Amino acid sequence: MTFMVFVAIAAALWCVMTLNEESTFDLRVPVRLVHVPDTVTIISDVPDHVQVSARGKGSQLLRYIFGHPATADIDFRLYRSQRGIRLGDAEMKGIVRQSVGGANATLVSPDSLIVLYTSAPPVQLPIVLDCNVSTAPGCSMVGQPVLNVDSARVYSATPLSSRITAVTTEPLRFDDISSTLVRRVRLLPPVAGSRVVPDSATLTVAVEPLIIKSRPVVIESVNAPHGSRLITFPAKVNVIYMIPMSAYTKSAPEFKVIADYDDRAPGGSGRVKLRLRNVPAVLQNVRLEVDSVDYYISK
């Protein structure tokens, strides 16, 4: 028991001596911007953390680790200026030193910080979607890609030019889409030193499968000479097309199939070319079952 008591005393003395020695340790310190007035909008991104290499006693490190989580608080009232908040290496080290219990911050990354802000009201601008979409074979896009918001507020440290008329999304490209796509996309600031609120939007690209359908259509003859009539065999032809599933039961396209007297095959072969008209934009791969039919001229 006596031996164990002396071992415990020696261990305690060793811990005290070790904690009183200076050493270098690396920390990840959270950053906060405090005391910002409600009339001010921060434009620049403030980093969530800074990497710190600090030199101090071990007891200071223990207080930082096991005490209340310390943050590097940047006081807006203290560092504000007409050009924004601009902190150099010395200011950053001073702010961090307070958060790590007085330990000497030998290295802070980033070593400087620029925060732009504005008190001016925002400019409301429409959003332009920069998107290129292609669907997989057998699928169709229903309508156009849409965003859940159609405009955004732009805050700028300097007045916006009158030539800036819209906010654009990040460039987007989606290939071979086979089902409805929902994606969060960024909105790009129109100029450097500006901020867009909201800074992102939800993009929805509605896609559904296509179904093959056919419809018989009566062939209409045109441009026959006065007193003559162009009669085709057969009198009807099937129009084959692909239609989105949601429109399958509701769609009744009014196709027109034309047999033009002037399109008769040369040499008296007895066939006339057919032309398809009135094709709705929602349909795809629309074609005639045959591209020409037999005919005779009735007088």
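**View 1. Lining of the largest pocket, by residue class.** The lining residues divide into eight nonpolar, three polar and four charged; Ala, Val, Leu, Ile, Met, Phe, Trp, Tyr, Cys and Pro count as nonpolar, Asp, Glu, Lys and Arg as charged, and the others, Gly among them, as polar. The model is predicted: local features need pLDDT of at least 70 and side-chain atom pairs pLDDT 80 or more, while totals for chains, interfaces and linings use all residues. Residues are numbered from 1 along each chain as its sequence is written, and side-chain values use heavy atoms, without hydrogens and water. The pocket holds about 350 Å³ of space. Of its 15 lining residues, Ile 43, Asp 45, Arg 195, Val 196 and Asp 199 are the closest to the centre. A pocket is an open set of points on a 1 Å grid over the protein atoms alone where a 1.4 Å probe fits, with protein on both sides within 12 Å along at least five of seven lines; lining residues have an atom within 4 Å of a point. The volume is the space filled by probe spheres set on the points, which are joined across faces, edges and corners.

**View 2. Surroundings of Pro 280.** Pro 280 lies in the loop between strand E23 (271-277) and strand E24 (284-288); strands are DSSP runs of E, at least two residues, numbered from the N terminus. Pro 280 touches Pro 253 and Phe 255, not counting residues up to four places away in sequence (contact: heavy atoms within 4.5 Å). Its C-alpha atom is separated by 9.7 Å from that of Ser 251, 29 residues apart along the chain.

Methods
Helices (H or I, at least four residues) and strands (E, at least two) are DSSP runs, numbered from the N terminus.
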